[in-house]
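Q: I am new to protein structures. Please pick out the sheet part of this one and walk me slowly through it, with the loops beside its strands and the core too.

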Amino acid sequence: MRKGIYALLAASMAMALYAPALPAAAAPQPTRPQTVRPMDPDGLLWAYSDANFSGRSCSWGGDSAGWSSCGFNDVASSVRNNGYTGQYDAVRFFKDGNYSGPSMCLSRGDSWSNLANQRWSDGSNANDSISSHFWTHLCS
Ligand SMILES: [Ca+2]
């Protein structure tokens, strides 16, 4: 009997030792992706080929005169400005390459989950049409 108690104690101690690792290992996994979960700022502009931040993605820390360099010319259906707070933390998008044509601006920390609901400065639909962007001071 005494041997059994020691074995039980040893088992309890072993479990206590491993207990800190258990919550992470046993954490419930989401049944589907949390596509609209806020992200910590990473200093990047993110673009996605599909709505709700899904499909292929591309990100930029600086300006881009042509999104074709990322295989993203006229492709984006959702975007997220995940930039750091600073002097140049808003993003101005352009319908054409080389920062030309109609534009629209997205403030830091903001996102458009479906560009089909967004309009360019000329009123045209913004889905599958972004071709360039630069970082700027303010959206105004
Ligand atoms: Ca375009």
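A: Let's begin with a naming rule: a strand is a DSSP run marked E, at least two residues in length, and strands are numbered from the N terminus. Keep in mind that this is a predicted model.

With that in hand, look at the loop between β6 (111-112) and β7 (132-136), where you will find Asp128. Its phi is positive, about 50°, although Asp128 is not a glycine. Asp128 has 13 C-beta neighbours inside 10 Å, so this residue counts as partly exposed. Asn98 counts as exposed because it has 10 C-beta neighbours inside 10 Å.

Now follow these loops into the sheet. Three strands make up an open, antiparallel sheet in the order β5-β4-β7. β5 and β7 are at the edges with a single partner strand each, so one side of each has no neighbour in the sheet. On average, neighbouring strands here are turned by 25° against each other, ignoring direction.

Finally, turn to the largest nonpolar core, which has 20 residues; Ala47, Ala76 and Val79 touch the most other members. β1 (44-50), β4 (90-96) and β5 (100-106) each give two or more residues to this core. Leaving out residues up to four places away in sequence, Ala47 touches Ser57, Cys58, Phe72, Ala76, Val79 and Ile130.

Conventions: Residues numbered from 1 in each chain as written. Predicted model: local features only at pLDDT ≥ 70, side-chain atom pairs only at ≥ 80, totals over all residues. Core = buried A, V, L, I, M, F, W, Y, C linked by C-beta atoms within 7 Å. Buried ≥ 20, exposed ≤ 12 C-beta atoms within 10 Å, placed from the backbone. Helix = DSSP H or I, 4+ residues; strand = E, 2+ residues; numbered from the N terminus. Contact = placed C-beta atoms within 7 Å. Pairing = 2+ DSSP bridges. Axes fitted to C-alpha atoms, helices over the stretch in contact; angles between N-to-C directions.
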